Amino acid sequence: MKRYPQLSAVSSGDLLREGVRNRTPLGLEAEAFIKAGNLVPDEMILKLILDKLKANRWVSNHSSVTDPSPAQPSKNPSASFILDGFPRTATQASRLDSLIPVNLVVSLITPINIILSRIASRWVHAPSGRVYNTDFNAPKVPGKDDLTGEPLTKRADDDEETWKQRLKKFDETSRPLLDHYNQKNVLWTVIGDSSNEITPKLFRELDSRFA
């Protein structure tokens, strides 16, 4: 994001965790799905995302996932953003099409053993959302946040069995999702084991499309 300051980021995972942490009605409902390693239902995710887009004035307050008319580009100059972790299903993607015009979808392919290793090494500072990894982005003081000195914690769903189940379900649901965007000619796939390998490829692709 530092390379492209004009872009904002909307993370469905962050929105869900914020709801759980703040004990909102939607957060409490989603918590049971998250702890069980299941994907949160489409309706729940769509409402979270739509509420965020409306709050930022990136879509009209009258926007609805039931509107069959095609999405139109926003006239708001700040409405350049990345959706992280959303959509996860072809159904979500089809309904998102009525809200915003998606012009690029990036599919990151990393071996499962690498993903599980990173999850096992991941620690977070819950109040700020800062993420550390003891393998490649370790805190200056083990177990402490660099800025506040407060203790780091593990996410409740960061255990191997939960993630194995989640990755299996993700693989099953992602195939029709990728087909959806491939048919729209906006899908781009990059393969790599680490951010050092993937990031330069991603930067080149973004620069060639939007710079």
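Which residues are exposed on the other side of H2? On that side, Pro25 and Ala32 are exposed. Exposed means over 50% relative accessible area, buried means under 20%, and partly exposed lies in between, with a 1.4 Å probe and protein chains only. Helices (H or I, at least four residues) and strands (E, at least two) are DSSP runs, numbered from the N terminus.

This is a predicted model, in which local features need pLDDT of at least 70 and side-chain atom pairs count only at pLDDT 80 or more, while totals for chains, interfaces and linings use all residues. Residues are numbered from 1 along each chain as its sequence is written, and side-chain values use heavy atoms, with hydrogens and water left out.

**Stop 1: helix H2**

Select residues 25–35, which form helix H2. Its buried residues are Gly27, Ala30, Glu31 and Ile34. They cover an arc of only 125° around the axis, so they are on the same side of H2. The arc is that of the directions from the helix axis to the C-beta atoms. Now show what covers these buried residues: it includes helix H1 (12–21), H3 and helix H6 (160–183).

Next, click on Ala32, which is found in helix H2. Its relative accessibility is 52%, so Ala32 counts as exposed. Use the distance tool from the C-alpha atom of Ala32 to that of Leu178: the separation is 27 Å, and the two residues are 146 residues apart along the chain. Then move to Gly37, which follows H2 and has a positive phi, near 80°.

**Stop 2: helix H6**

Select H6, which has 24 residues. From its first C-alpha to its last it reaches 34 Å, close to the 34 Å expected at 1.5 Å a residue. The expected span is 1.5 Å times one less than the number of residues.

Where does H6 bend? The bend is at Ser174, by about 35°, and a proline, Pro176, follows within four residues. The bend at a residue is the angle between axes fitted to the seven residues ending there and the seven starting there.

Colour the buried residues of H6, among them Trp163, Arg166, Ser174 and Tyr181. The buried residues of H6 pack against several elements, including H2, helix H4 (90–96) and strand S3 (105–109). Just after H6, Asn185 takes a positive phi of about 60°.

**Stop 3: aromatic rings**

Rings of Phe, Tyr and Trp (its six-membered ring) pair if their centres lie within 6.5 Å; planes under 30 degrees apart count as stacked, over 60 as edge-to-face and the rest as tilted. By this rule there are two aromatic pairs. Select Tyr4 and Phe203: this pair is edge-to-face, with 5.9 Å centre to centre and 70° between the planes. Tyr4 is in the segment before strand S1 (8–11) and Phe203 is in helix H7 (residues 195–210), 199 residues apart. Tyr4 is buried, at 13% relative accessible area, while Phe203 counts as partly exposed, at 26%.

Now select Trp58 and Phe81, whose ring centres are 4.6 Å apart with planes at 5°, so the pair is stacked.

**Stop 4: strand S5**

Finish at Asn133 in strand S5 (residues 130–133). Asn133 is buried, with a relative accessible area of 5%. Leaving aside neighbours within four places in sequence, Asn133 is in contact (heavy atoms within 4.5 Å) with Arg118, Ser121, Arg122 and Ala138.
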